[in-house]
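Colleague: I would like to go through this model with you. Could we start with the charged side chains and then turn to the strands?

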Amino acid sequence: MKTSANYNFQATEKKWQQVWRQSVCANKPVAAAAKEKCYVLEMFMYPSGRVHIGHVRNFMIGDVIARFKKAKGFDVLHPVGWDAFGLPAENAALANAVHPKDWTYENISLMRKQLELFGFSYDWDREFATCDENYYAVQQKIFLDMYKKGLVYRKESMVNWDPVDNCVLANEQVIDGRGWRSGAIVESRQLSQWFFKITAYANELLKSLKSLEGWPEKVRAMQERWIGHSRGLMLRFEAKDKDGQSLQDLSVYSTRPETIFGASFLAISAQHPLAQKLAKTSSAIAEFINSCSKNSVTTEDMDKMEKLGIDTGVQAFCSLLGDRALPVYIANFVLQTYGTGAIFGTPAHDTRDWDFAKKYGLPIKLVIKPSAGNDVNLQAGSYLGNGTMIDSEFLNGKTAPEAKECIIEHCEKTGVGKASEFYRLRDWGISRQRYWGCPIPMIHCQKCGVVPANEKDLPIALPVDVTFNQPGNPLDRHPTWSKTKCPSCGAPAHRETDTMDTFVDSSWYFIRFCQDGASDLGKFDRKQIERWLPVDFYIGGIEHAILHLLYARFFTKALRDCGYINLNEPFSALFTQGMVCHKTFKHKDGRWLAPDEIESKKGEAICKADGTVVDVGRSEKMSKSKKNVVSPDEMVRIYGADSVRMFVLSDSPVDKDMEWSDEGITGCWRFINRFWRLVVMFGEKYSQTKKASPSFIQLDCLKHETKADFKRVLRSISQIGGLYEVFQFNRAIAAVHDAVNVMYDLLNHVESYSDAFRDLLLLTNVVMAPITPHLSEEVNQKLGNPKMLSETCWPDFGRYELKQEMVTIAVQVNGKLRATLEALPDAMQSELEHAARNINAVKKYIPAGGAKKVIFVPGKIINFVV
């Protein structure tokens, strides 16, 4: 029996989205104490103006989990909001003569409409933007409480300054020495900055990583490296001028103190007090220090730059080295913010020191010999491995780790130094010289100094009447906004015009989502917060593995200590999804072309406009500049939301990058229509009128062959819940494909079992619903289930006797046996292919392009033809 009835996704999706909006229970948590909670959250989105497919993939992962958990009986919180402050809005204001507030809220409105196209199960009543005054009013209160707790302070600091955007850049916003947005060469400047004292939590942030078992090991390792705990020696040197007169003591921290006998110089940062002192009497030194200020202050950029220094004429002495003096240089690669801003250089055992020594002709002395006795070519580079100490006096013959402990013990006994611990983590500078951010609630008074604003005056709201006709911070130019009275003495004073780093806004937004609209959003509702936190599933890109996640963890601990919450870690489980990539097309004249500007002729990509053969590049992350962005709106218009949802989850494991392809989404559209036709054909063939939720299928009442096929379907769909739990959506979709194939074979043989077949369709539909919610609601209604799927529980497949004896499957490549695997006799082809391809003895014979075809004999053979 055939039917030409295609699935009308336009009408169906519009229909069910309207139903969900009107349904009280569809997407809102019920806050029932008897129900186990599940808080699902995708990382905050910036309202840049358009949702792209990369966003969509992230949100779909969360949506599948939220829908699945709700079907499993959990009380699910799945909110959405907007990380709305930031420099891009100011740049848009400059470029387009539009106010940042208008630009931001217009973008939010546009992007909200895009998200609604996909039927995401968000609780829209909890939506907010970080630029809402009632949000940043609470943030200002948090700032003041952290200030009272000693977790906020102000100091002079070297910062990355973008001379075009006229603002401070965080280290991660400096790329190859240039501003991430303007492209200008970044300078170092000394500015007064506000800081959060994140270093006060360095030890706790490091140690509690071990408790985050639901996080990827890679992310935990990245945070561990960023916090950067080290144990070493604080060694005392004496600095003397060329006449032998003592200038001052110098404390030098080293994580490799065992290499001290190989030291050939001492280097200090350009901001070191000794360097500043020497600059007053030496124009050459002053000029070099000034040149250092033109460089970025990030560790990464310092590693890449040429190692430069200036010999100060000062010599450093340490009792460990006897009368041997080390020349003191000011070097551009020494950071004042790490250790003490001074190092001793051992070129034979440090790459940067080796580069510096080669440039300035300094001695390179080997003091660690490889244990294997291999020769070390110090002309080619430094030796960084372990080994046995040589030419190191009382350390000779010891291994490097033994020598490290020995010299620390020796120096502590003799008073030359002491064991010390340091963290690479620096306090978080949050001052930004821009308008579109949360104002810092501090007041500058000539009498009282810098004092906190009164809480009764919060929020300190941004003025609307600002101008963007020139670079720099509009708050500095506003005629009245900064003028106020000192909260302490009442004298005329002025407000702080720096605003907060936007990372602050996203460091606690997950807490705000816990509160529903009925609560006082100006306060923390402890009962609701403790009901929902920690977040059970947090989903986002690996690019946020360090800063955002680290800052959110810090904020959680700081808010705990300020009495706001009772929580140590914000996110129980973290999932990082891969990027969506697409091929690039480049014209011979250098222009990038969009996919719709290309046509294929005789296997070549041709520019439609002029017929030129176009270079087809490798698949890359979607980028507006390279025109390889796919519009999700257009895909929904052509294929429907459920086809897009299915494709971005089915193409590859969601923690891996996926390549967009028109063939892939077309295949998903075809499958959705195929499943719809199966339902329509069943209804037409058997005139189904049953109106009930799916019943338990009495398998023993079926014929032998029919029973076996029913079991195959049940086995296939019964595994889908477990696959959802571990984010293996592509395998879950493959299992649905297999089940539908079997049901097509069954359709003509279930005259006596039509009710059972209907229930089988309904069960399959239920497990598909988290991925294809619109289709599934329509199928659910067509098959007569009186309940919406949002009210339908996940099937209990444990009631069915589905276990089988295992059989041995022969795995062949071009007909030759390469391996075997144990499987169920009716195991689906997709599952066996997946398992077979991961057998080392098989995959080495399968080329990168995959097999030409796969021959499958159920229960016996799977043969890859290559």
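Predicted model: local features only at pLDDT ≥ 70, side-chain atom pairs only at ≥ 80, totals over all residues.

Colleague: Which residue does the side chain of Arg526 meet in a salt bridge?

Modeller: The partner is Glu530, with an N to O distance of 3.3 Å. Glu530 is partly exposed as well, its relative accessible area being 45%.

Colleague: Why are Glu530 and Arg526 separated by about one helical turn?

Modeller: Because they are four residues apart in helix H16, which covers residues 526–532.

Colleague: How many salt bridges does a search of the whole structure find?

Modeller: The search finds 36. Among them is the pair Lys69 and Glu725, whose side chains meet at 3.2 Å, N to O. This pair links distant parts of the chain, 656 residues apart: Lys69 belongs to helix H2 (residues 53–71) and Glu725 to helix H22 (residues 720–725).

Colleague: Is Lys69 buried or exposed?

Modeller: Lys69 is buried, with a relative accessible area of 8%.

Colleague: Which residues do salt bridges with shared partners join into one network?

Modeller: That network consists of Glu204, Arg553, Lys557, Arg560, Asp561 and Glu569.

Colleague: Turning to the strands: what is the order of the open sheet of four strands?

Modeller: The order is S2-S1-S24-S25, and the pairing is parallel. Strand S2 (75–77) and strand S25 (574–577) are the edge strands, each pairing on one side only.

Colleague: By how many degrees are neighbouring strands of this sheet turned against each other?

Modeller: On average by 20 degrees, direction ignored.

Colleague: Over how many bridges do S24 and S25 pair?

Modeller: Strand S24, residues 537–541, pairs with S25 over four bridges in the parallel sense. At Gly541, the bridge partner in S25 is Gln577.

Colleague: Back to H2, then. Which strands does H2 lie across?

Modeller: H2 lies across S1 (37–42), S2, S24 and S25, and runs at about 175 degrees to S1. H2 is also the helix that contains Lys69, the residue paired with Glu725 in helix H22.

How values were computed:
Residues numbered from 1 in each chain as written. Heavy atoms only, no water. Salt bridge = Lys/Arg side-chain N within 4 Å of Asp/Glu carboxyl O. Helix = DSSP H or I, 4+ residues; strand = E, 2+ residues; numbered from the N terminus. Buried < 20%, exposed > 50% of the residue type's maximum accessible area, 1.4 Å probe, protein only. Pairing = 2+ DSSP bridges. Axes fitted to C-alpha atoms, helices over the stretch in contact; angles between N-to-C directions. Contact = heavy atoms within 4.5 Å.
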